[in-house]
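User: I am new to this structure and would like to learn how to read it feature by feature. Please give me the general idea each time, then the case at hand.

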Amino acid sequence: MAGTSTGGLVTAMLTAPNADGRPLFAAKDINDFYMEHCPNIFPPVSKGPSGLFKSMTGPKYDGDHLRSVVKELLGDTRVDQTLSNIAIPTFDNAMKDVSKNALLSDVCIGTSTAPTYLPGHHFETKDEDGKPRAFNLIDGGVASNNPTLLAMTDVSKQILMGNPDFFPIKPADYGKFMILSLGTGAAKIEEKFDIAQCSKWGVLGWLYNRGATPIIDSFSQASTDLVDIHASVLFQALHCEKRYLRIHDDGLNGETASVDVSTSENLNRLVDIGKSLLKRQVCKVNVETSKNEPDSKNRGTNEEELIYFARMLSEERKARLLKEGDLA
């Protein structure tokens, strides 16, 4: 399981063990966590001159609540204690390097510190000889906003290293991979950026415009889309497109497209958008235009495809347990 930024936190919540050795959170409980804590992570800020000055001279938020709630949630759990393999940008493969086996809370805080919104995160670990190793992290989206390729690469790396969990799959045998890619939504590009306006921007215009950071939004969205195009075309070329499912709304507008508007009204709107996504037709990338288009010919709704994925994963889990002798 892989996740970037807030996706890294979700990854940790679904893979960190509780006292009974089960996932700390069930997927159905994730919304409640965000509804409870988002208003305190992103509290209301001044939108006047003082608010603008603060955002230009430092992070928009102090990050104190994010750090405290994540540390309380994950406690002393370390990367190598998760219930499944995880990949969080800047931090993976902890088993081979003791100094990388950090507290999961530090990893989550680090990958969630979006530039201009939250301060970066510093922490230290120790190697086998007790020597300290310092980490100075910012949001994982800077490197991998869509972690799909990161996850695929990590699986291939594990196969190359002889991890028995993946035997007898070959490192580049992507036709046997199953990928569920969940996006956090994005604004309609044609509505968010107007070329007539942005062609006149200087440094300040690209860094701050109507409460947004256009240059960061452009880079992150381009990175996200390129990964989706690459993965979708790859699975189509291998004639196994049903093994790749991307669920993402790239038509958000207004406050739903913001990073930090955490009013109860906006959070509930986002929940409703997520529910409506389930009823939409699965989309795939048109290899000629590189745009996502409904695939009504070969696939059903996102909800139907999720049920298919769940069934396939359940059957795989049972097969593995039967092989290990843990299932009668």
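User: Is R320 buried, partly exposed or exposed, and which value decides that?

Analyst: Buried means under 20% relative accessible area, exposed over 50%, and partly exposed in between, with a 1.4 Å probe and protein chains only. R320 has 34% relative accessibility, so R320 counts as partly exposed. The model is a predicted one, in which local features need pLDDT of at least 70 and side-chain atom pairs count only at pLDDT 80 or more, while totals for chains, interfaces and linings use all residues. Residues are numbered from 1 along each chain as its sequence is written, and side-chain values use heavy atoms, with hydrogens and water left out.

User: With which residue does R320 form a salt bridge?

Analyst: A salt bridge here is a side-chain nitrogen of Lys or Arg within 4 Å of a carboxyl oxygen of Asp or Glu. For R320 the partner is E316, and the closest N and O atoms are 2.9 Å apart. E316 is partly exposed, with a relative accessible area of 39%.

User: Where do E316 and R320 lie relative to one another?

Analyst: Helices (H or I, at least four residues) and strands (E, at least two) are DSSP runs, numbered from the N terminus. E316 and R320 are both in helix α13, and because they are four residues apart, about one helical turn separates them.

User: How many salt bridges does the structure hold?

Analyst: There are twelve salt bridges in the structure. Among them is the pair of K71 and D106, at 3.2 Å from N to O. This pair links distant parts of the chain, since K71 is in helix α4 and D106 in helix α5, 35 residues apart. K71, at 37% relative accessibility, counts as partly exposed, whereas D106, at 8%, counts as buried.

User: What else is D106 in contact with?

Analyst: Contact means heavy atoms within 4.5 Å. Leaving aside neighbours within four places in sequence, D106 is in contact with K71, H121 and F123.

User: Which parts does the salt bridge of E303 and K279 tie together?

Analyst: The side chains of E303 and K279 meet at 2.7 Å, N to O. E303 lies in helix α13 (residues 302-324) and K279 in the loop between α12 (264-278) and β5 (283-285), so the pair ties together parts 24 residues apart in sequence. E303 is partly exposed at 30% relative accessible area, and K279 is exposed at 57%.

User: Which residues are linked in a network of salt bridges?

Analyst: The network is made up of K242, R299 and E305.

User: How do I read a helix by its buried residues, and which ones are buried in α1?

Analyst: List the buried positions, then see what they pack against. In α1 (residues 6-15), the buried residues are G8, L9, T11, A12, M13 and T15. They pack against α2, α4 (64-74) and α5 (104-111).

User: Where is G21?

Analyst: G21 sits in the loop between α1 and α2. At a relative accessible area of 41%, G21 is partly exposed. G21 and T82 are 61 residues apart in sequence, and their C-alpha atoms are 9.7 Å apart in space.

User: Which domains does the assignment give?

Analyst: Domain bounds come from an automatic or database domain assignment. For this protein chain the assignment gives domain 1 (6-142) and domain 2 (176-321). Their C-alpha centres lie 22 Å apart.

User: How many residues are in contact between the two domains, and what area is buried there?

Analyst: The size of an interface is often given as the accessible area lost when the parts come together. Buried area is the accessible area (1.4 Å probe) that two parts lose on being put together, summed over both. Between domain 1 and domain 2 it is about 1200 Å², of which carbon and sulfur atoms give 68%. In terms of contacts, 15 residues of domain 1 touch twelve residues of domain 2.

User: How many salt bridges cross this interface?

Analyst: The rule finds one salt bridge across the interface of domain 1 and domain 2. Separately, D260 forms a salt bridge with K60, with the closest N and O atoms 2.8 Å apart.

User: Which elements give residues to the side of domain 1 that touches domain 2?

Analyst: Those that give two or more residues to that side are α2 (30-41) and α3 (49-57). α2 gives the most, with five residues. By class, this side of domain 1 has ten nonpolar, four polar and one charged residues; Ala, Val, Leu, Ile, Met, Phe, Trp, Tyr, Cys and Pro count as nonpolar, Asp, Glu, Lys and Arg as charged, and the others, Gly among them, as polar.
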